[in-house]
Amino acid sequence: MNRTHKTAAVFVIALAFFAAHLHSQTPAGNELNLGVQAYRDARYEEAARHFEKAVALAPENGVAHLYLATTYAGEYIPGVDTPENNHLAEEAIEQYQRVVDSDEARGSKINSTKGIAYLYLNMKKFEDAKKYYYMASDLDPKDPEPHYSLGVIDWTQCYQPRMQERAKLGLKPDENLNPKNKDQKKVCDELRIKNASLIEEGIDSLGRAIELSPDYDDAMAYLNLMYRERADVECDDPVAREEDLKTADNWVDQTLAAKKLKAEKFNRQTRPTAPNPQ
């Protein structure tokens, strides 16, 4: 589970701990309470069983579906492509979707939409992930995270096939595709046509994330990478390539500056206070 999704999961379960007590007089509420306690004690399989019972007892209760989805998602291991692991992701998506389709509060819908997007991203179902990150952005236009995630997906979709083609051509990391080489020009033209819309979408999405959060250093780092994607396929336009490489370098500088400011702020906040002189 990545940092963002883990934070969301903890937040949801924290809400569950308090909200479930409001319904403790009902069988479903009692199962929610037991599930929350098991989750807090890291007994995730037991927590899932209690939340499953709560869903069965009160299928109209969107909160129960959200807790169950969060528990399944927490057990899912990104990058492990096994039937059992993928089944956990699919189960989580199904429960999150119940919340999205329900009359639950906007915050629950946002968490569920982002939860689905996160799972699809880690399952490498990029178009499905994009669909739900766009939905999350519509639900909360001021949240920079969906825009960042869209940019990361666009970069991944561009970078992987480009690197595969470069490897076939035997290019070194610091070598650009050369328009004077017939084979390289052919690859460059094909990649430019294939990746053009992804590159522009990625640049726009990451730029929007930074507009919403000006110190978003991760978005800056990926914006640097996205400009390098565009530069490598500008084989017939050396001036544009040089300009994009300069822009990429500028974003590297801004990334480092943002990280430095964050580190300084953290150090100031955690620095021990000097004792008052007596």
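Predicted model: local features only at pLDDT ≥ 70, side-chain atom pairs only at ≥ 80, totals over all residues.
1. At the start of H9, the backbone nitrogen of Asp183 has a side-chain oxygen of Asn181 within 3.0 Å.

2. Helix H2 (residues 27-40) and helix H3 (residues 44-57) have axes that come within 8 Å and cross at roughly 165°. Because angles over 145 degrees count as roughly antiparallel, H2 is roughly antiparallel to H3, and the crossing in which H2 passes H3 is left-handed. The residues of H2 that meet H3 include Leu32, Leu34, Val36 and Tyr39, and those on the H3 side include Tyr44, Phe51, Ala54 and Leu57.

3. Helix H4 (residues 62-75) packs with helix H5 (residues 83-100) at an angle of about 155°, their axes being 8 Å apart. H4 and H5 are therefore roughly antiparallel to each other, and H4, too, passes its partner H5 in a left-handed crossing.

4. In the contact between H4 and H5, the H4 residues include Gly62, His65, Leu66, Leu68 and Tyr72, whereas H5 contributes residues including Asn85, Leu88, Ala92, Tyr96 and Val99. Glu75 in H4 and Arg98 in H5 are also among the residues that take part.

Notes. Residues numbered from 1 in each chain as written. Heavy atoms only, no water. Polar contact = N/O pair within 3.5 Å; in protein donor to acceptor, adjacent residues only side chain to side chain. Helix = DSSP H or I, 4+ residues; strand = E, 2+ residues; numbered from the N terminus. Axes fitted to C-alpha atoms, helices over the stretch in contact; angles between N-to-C directions. Parallel < 35°, antiparallel > 145°, perpendicular 65-115°, else oblique. Left-handed = near helix turned anticlockwise from the far one by under 90°. Contact = heavy atoms within 4.5 Å.
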